[in-house]
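Subject: Structure handover

Hi,

Please load it before reading on.

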Amino acid sequence: MRDILVLCPQERDLNAISSARLADRYRIHFEGSDLDQLQDFDPVAFLADLSEVPADGVIGTKDQSALLAALLAERRGLPSPTPEALIACQHKPTSRARQREVAPEAVPQFAFLDDGPPFDVPFFVKPVVGRLSQNVYRIEDTRDLLGLHEIDSYTTRYARIAALAGADPESVHGFLAEELLSGDEVTLEGYVSGGRVTTIGVTDSVKYPGTFSFERFEYPSSLSDGCQDELADVASRVMPALGFDDGFFNIEFFITGTGPAQIIEVNGRIASQFAPLVQGLHGRSTYDALFELACGEDPGWETGLPDGVAVSYVMRVFEDAFVEEVPDPEEGVELLVRPGLFLSEQGLNDAQSYRLAILYGFGETREEAVERCLARAESLNFRLAPAPVR
């Protein structure tokens, strides 16, 4: 059996690895804690402590843990995307510049937000290094720029990790301004092995009406075959331009309806939230493919289009509240909050809402899968007390 190191696993990793029965084929070493649950973290000490742990492959499934995995794999001579390729994906100005070189039709206007607004309002701003739409804002008035602030703990930790790959720690600070885009959002997930880009599938993103907050993700996409081929073509150009190989990636797109698809962002990691959708419909987990890649093998993904539809549904509320009670744990439900704290004191949230849970549903049709998710969400007992007005 081969040894796999899973760095800083999140609970979702544990569930997906168990569901795919990967422990039957690998000796799995879970090393470290979910970084989002830590206040202090020393990447130098963490990597040094792993020097004697046996490994034929090493993975991480969030941006920072994926970068740590790339650093460790490089030191150990194991298959992996290079740290430089991960940074090229994660550092938005670098990523945008590389994208523009090979797929200019798919890249919106962008500029550093350092000398004042580069475009007429409205436009988007996002952190140079960020995650989960946190601190991403639509700017309607230039006075809105005065309230921008970084996620200090995240960017500080990222700077320490990126510095181990030779990146300038100061380069991770600041904001990028981007041309305002609209349309339907989708995510293409795939992997690169030996320089060859393979598409796993495309997932549709649906937002709560009138917000930027995702309500659900539907797999497979309802896009036409021609549109999905267009996305795959962009991916086949962009990932090599980023120097990315031997790993999973996902690319988020706007489908504008009036021109070429536009890249929102490129992530050099697995789309872990979609793993149950893929496994439920294809019978094979993307984590299975990820482990094979980490050991230097091409997963040979050839499942074709699935029968049925799978949905990942995100329960949210749009006002802060004190969590008095949460449901008991159950299969197919990720609880994202715990009692005894305000929603604003826990979890990873966007600028408009607070996540409570993620749950999964399947059906022969899109409507059936969504209805099952809605019914399950209705049955979950979250008791929330209104937060005092501040």
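Below are the notes on what was found in it.

**Ground rules**

This is a predicted model: local features need pLDDT of at least 70, side-chain atom pairs count only at pLDDT 80 or more, and totals for chains, interfaces and linings use all residues. Residues are numbered from 1 along each chain as its sequence is written, and side-chain values use heavy atoms, with hydrogens and water left out.

Helices (H or I, at least four residues) and strands (E, at least two) are DSSP runs, numbered from the N terminus. Buried means under 20% relative accessible area, exposed means over 50%, and partly exposed is in between (1.4 Å probe, protein chains only).

Most residues other than glycine have a negative phi, and most peptide bonds are trans. Here are the exceptions to check.

- The Val-121 to Pro-122 peptide bond is cis, with omega near 0 degrees. Pro-122 sits in the loop between strand E4 (110-112) and strand E5 (123-127).
- The Tyr-219 to Pro-220 bond is also cis, omega again near 0 degrees. Pro-220 is in the loop between strand E10 (214-219) and helix H7 (225-241).
- Cys-8 is not a glycine, yet its phi is positive, near 50 degrees. Cys-8 falls in the loop between strand E1 (2-7) and helix H1 (11-19). Cys-8 is buried, at 4% relative accessible area.
- Arg-21 has a positive phi too, near 55 degrees. Its loop runs between H1 and strand E2 (26-31). Arg-21 is exposed, at 56%.

**Salt bridges**

The count over the whole structure is 29 salt bridges. The criterion is a side-chain nitrogen of Lys or Arg within 4 Å of a carboxyl oxygen of Asp or Glu.

Take Arg-27 and Asp-3. Their closest N and O atoms are 3.0 Å apart. This pair links distant parts of the chain: Arg-27 is in strand E2, Asp-3 in strand E1, 24 residues apart. Arg-27 is partly exposed, at 40%. Asp-3 is buried, at 9%.

Next, Glu-178 and Lys-126 meet at 3.1 Å, N to O. Glu-178 lies in strand E7 (residues 175-179) and Lys-126 in strand E5, so this bridge ties together parts 52 residues apart in sequence. Glu-178 is buried, at 5%. Lys-126 is buried as well, at 8%.

Then Arg-376 and Glu-330, with closest N and O atoms 3.0 Å apart. Arg-376 belongs to helix H10 (residues 366-379), while Glu-330 is in the loop between strand E14 (321-325) and strand E15 (333-335); they are 46 residues apart. Arg-376 is partly exposed, at 22%. Glu-330 is partly exposed, at 36%.

There is also a network. Salt bridges with shared partners join Asp-204, Glu-215, Arg-216, Glu-218 and Arg-366.

**Helix H6**

How far should the twelve residues of helix H6 (residues 152-163) span? The expected span is 1.5 Å times one less than the number of residues. For H6 that should be 16 Å, and the end C-alpha atoms are 16 Å apart, which agrees.

The buried residues in H6 are Tyr-154, Thr-155, Arg-157, Tyr-158, Ala-159, Ile-161 and Ala-162. The buried residues of H6 pack against helix H2 (43-49), helix H3 (63-76) and helix H4 (83-90). Contact means heavy atoms within 4.5 Å.

**Second largest pocket**

The second largest pocket has a volume of about 330 Å³. Of its 20 lining residues, the closest to the centre are Thr-199, Ile-200, Gly-201, Gln-228 and Leu-305. Strand E9 (196-207) and H7 each supply at least two lining residues.

A pocket is an open set of points on a 1 Å grid over the protein atoms alone, where a 1.4 Å probe fits, with protein on both sides within 12 Å along at least five of seven lines; lining residues have an atom within 4 Å of a point. Volume is the space filled by probe spheres set on the points, which are joined across faces, edges and corners.

**Ala-321**

Ala-321 lies in strand E14. Ala-321 is buried, at 6%. Ala-321 and Arg-383 are 62 residues apart in sequence, and 9.5 Å apart in space, C-alpha to C-alpha. Leaving out residues up to four places away in sequence, Ala-321 touches Leu-341, Phe-342, Leu-343, Leu-384, Ala-385 and Ala-387.

Best regards
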